[in-house]
Amino acid sequence: MLDTILKITGMIVTAIGTIVKVIDLVDRLRHQKSNRTDQS
């Protein structure tokens, strides 16, 4: 039971970490694009 909970928690933590990295990358790309041109 505890093993299953730990596995699920690990998966959730990994998923959140991946989502945060993706959002950070998208945010950086948006900033790079806005810096190159004034168009949003």
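1. Leu2 sits in helix α1, which covers residues 2-36.

2. A word on what you are looking at: this is a predicted model, in which local features need pLDDT of at least 70, side-chain atom pairs count only at pLDDT 80 or more, and totals for chains, interfaces and linings use all residues. Residues are numbered from 1 along each chain as its sequence is written, and side-chain values use heavy atoms, leaving out hydrogens and water.

3. The overall fold is quick to describe, with one helix and zero strands in the protein (DSSP runs numbered from the N terminus: H or I of at least four residues for helices, E of at least two for strands). Of the 40 residues, 0% are buried.

4. The protein's accessible surface is about 4100 Å², and carbon and sulfur atoms account for 65% of that (Shrake-Rupley method, 1.4 Å probe; for residues, only the protein chains shown count as cover).

5. The whole structure has two salt bridges (a Lys or Arg side-chain nitrogen within 4 Å of an Asp or Glu carboxyl oxygen). One joins Asp3 to Lys7 at 3.7 Å, N to O. Both residues are in helix α1, four residues apart, or about one turn of the helix. Asp3 is partly exposed at 48% relative accessible area, while Lys7 is exposed at 54%.

6. Further along, Arg28 and Asp24 form a salt bridge at 3.0 Å, N to O. Arg28 and Asp24 are also four residues apart in helix α1, about one turn. Here Arg28 is exposed, with 53% relative accessibility, and Asp24 is partly exposed at 37%.

How values were computed:
Buried < 20%, exposed > 50% of the residue type's maximum accessible area, 1.4 Å probe, protein only.
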